Amino acid sequence: MPSPFPGMDPYLEGYLWPDVHHRLATQISDQLTPRLRPKYVARIEIQVVTDESPEGEVGIMYPDVEIVRTSTPPVQSGSHAGTALLELTPATASVPLLEFEVRVATVEIRDAAQNQLVTSIEILSPVNKREPGLSKYVEKRRRLRAAHVHLIEIDLLRRGQRVAIHPRLSSSLYRVSLIRAGASHADIWALGLQDALPAIPVPLRPPDDDILLNLEEAFSAIYDRAAYDLSIEYAAEPPPPALSQADSVWMAQRLSEFYE
């Protein structure tokens, strides 16, 4: 069954996102491989990172964390002769220390003969879009550019901070970016709820021509194969942040027409 949305489905930005991320990376690799042969290959690189500030994701992508209220009576400490007992004040709650491991999948296009990285396709996760993960990811971008690697960024999450902010860029819910090796500019596809995901060029090494990555085709394939429609309650609100009034009205109309 297809998604009711023409492009990114905002309901997939919650607890389903890790599954979406990995399936999309695999589908992109599968789509590109026949177009890359025989000079290039597409490989999936998995990086395990620790989410050091996950509080904002609890209840969205991570499970709710229980806070245990304590009711322990005051405890008397030991004392020396002639010294009054000291009552210790009990804690008011026991709160677990939050730390989650996140597996981030990247599609790497490599030279088949020498295994050298040519193009990196990054699918951003929430950990990439807030500190301290944001600074770490920005540093990774610098390393890729210094190594003359083409970079494609796919940002299908409304929450978090954009990696690149420019006054000439229009505000958008989603964004796909292409930075060619050695270029002084980035090509940007700014997307809203009503926009289909774009078909974009994937640069290789000269004199080889770009190949095409059809993101809408890839997204539609994983939505259907994963049966996401069976896990989503479209009558509820999508994961935060809240949509604008105009987007909410459009979404309600879209869902009504799709399921009538």
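Biologist: A crossing is called left-handed if the near helix is turned anticlockwise from the far one by less than a right angle, and right-handed if clockwise, so which hand does it have where α1 passes α3?

Modeller: α1 passes α3 in a right-handed crossing. This is a predicted model in which local features need pLDDT of at least 70 and side-chain atom pairs count only at pLDDT 80 or more, while totals for chains, interfaces and linings use all residues. Residues are numbered from 1 along each chain as its sequence is written, and side-chain values use heavy atoms, with hydrogens and water left out.

Biologist: How many helices and strands does the protein chain have?

Modeller: The protein chain has 4 helices and 12 strands, where helices (H or I, at least four residues) and strands (E, at least two) are DSSP runs numbered from the N terminus.

Biologist: Back to the helix pair, at what angle do the axes of α1 and α3 cross?

Modeller: Two packed helices are described by the angle between their axes and the distance between the axes. Here the axes of α1 and helix α3 (residues 215-226) cross at roughly 125° and come within 9 Å; axes are lines fitted to C-alpha atoms, for helices over the stretch in contact, and angles run from 0 to 180 degrees between N-to-C directions. The two helices are therefore oblique to each other, given that angles under 35 degrees count as roughly parallel, over 145 as roughly antiparallel, 65 to 115 as roughly perpendicular and the rest as oblique.

Biologist: Which residues in α1 and α3 meet?

Modeller: On the α1 side they are D19, V20, R23, L24, Q27, I28, Q31 and R35, and they meet L215, E217, A218, F219, A221, I222, R225 and A226 in α3; contact means heavy atoms within 4.5 Å. Sorted by class, this contact of α1 with α3 has 9 nonpolar, 2 polar and 5 charged residues, with Ala, Val, Leu, Ile, Met, Phe, Trp, Tyr, Cys and Pro counted as nonpolar, Asp, Glu, Lys and Arg as charged, and the others, Gly among them, as polar.

Biologist: Now the inside, how many residues does the largest nonpolar core have?

Modeller: The largest nonpolar core has 55 residues, and those with the most contacts inside it are L12, I28, L32, I121 and I154. Such a core is a set of buried Ala, Val, Leu, Ile, Met, Phe, Trp, Tyr and Cys residues joined through side-chain atoms within 4.5 Å; buried means under 20% relative accessible area, exposed over 50%, and partly exposed in between (1.4 Å probe, protein chains only). Helix α1 (residues 17-36) gives the most to this core, with 7 residues. Another core, of 8 residues, lies apart from it, and its members include L134, V149, V163 and I179.

Biologist: And what is L32 in contact with, leaving aside neighbours within four places in sequence?

Modeller: L32 is in contact with I109, I121, V202, I211, L212 and L213 on that basis. Not counting residues up to four places away in sequence, I109 touches several residues, among them L32, L36, I121 and V202.

Biologist: What about the phi of N115?

Modeller: N115 has a positive phi of about 60° although it is not a glycine; N115 is in the loop between β6 (100-111) and β7 (117-123) and counts as partly exposed at 48% relative accessibility. H148 likewise has a positive phi of about 60° without being a glycine, and H148 counts as exposed at 58%.

Conventions. A crossing is left-handed if the near helix is turned anticlockwise from the far one by less than a right angle, and right-handed if clockwise.
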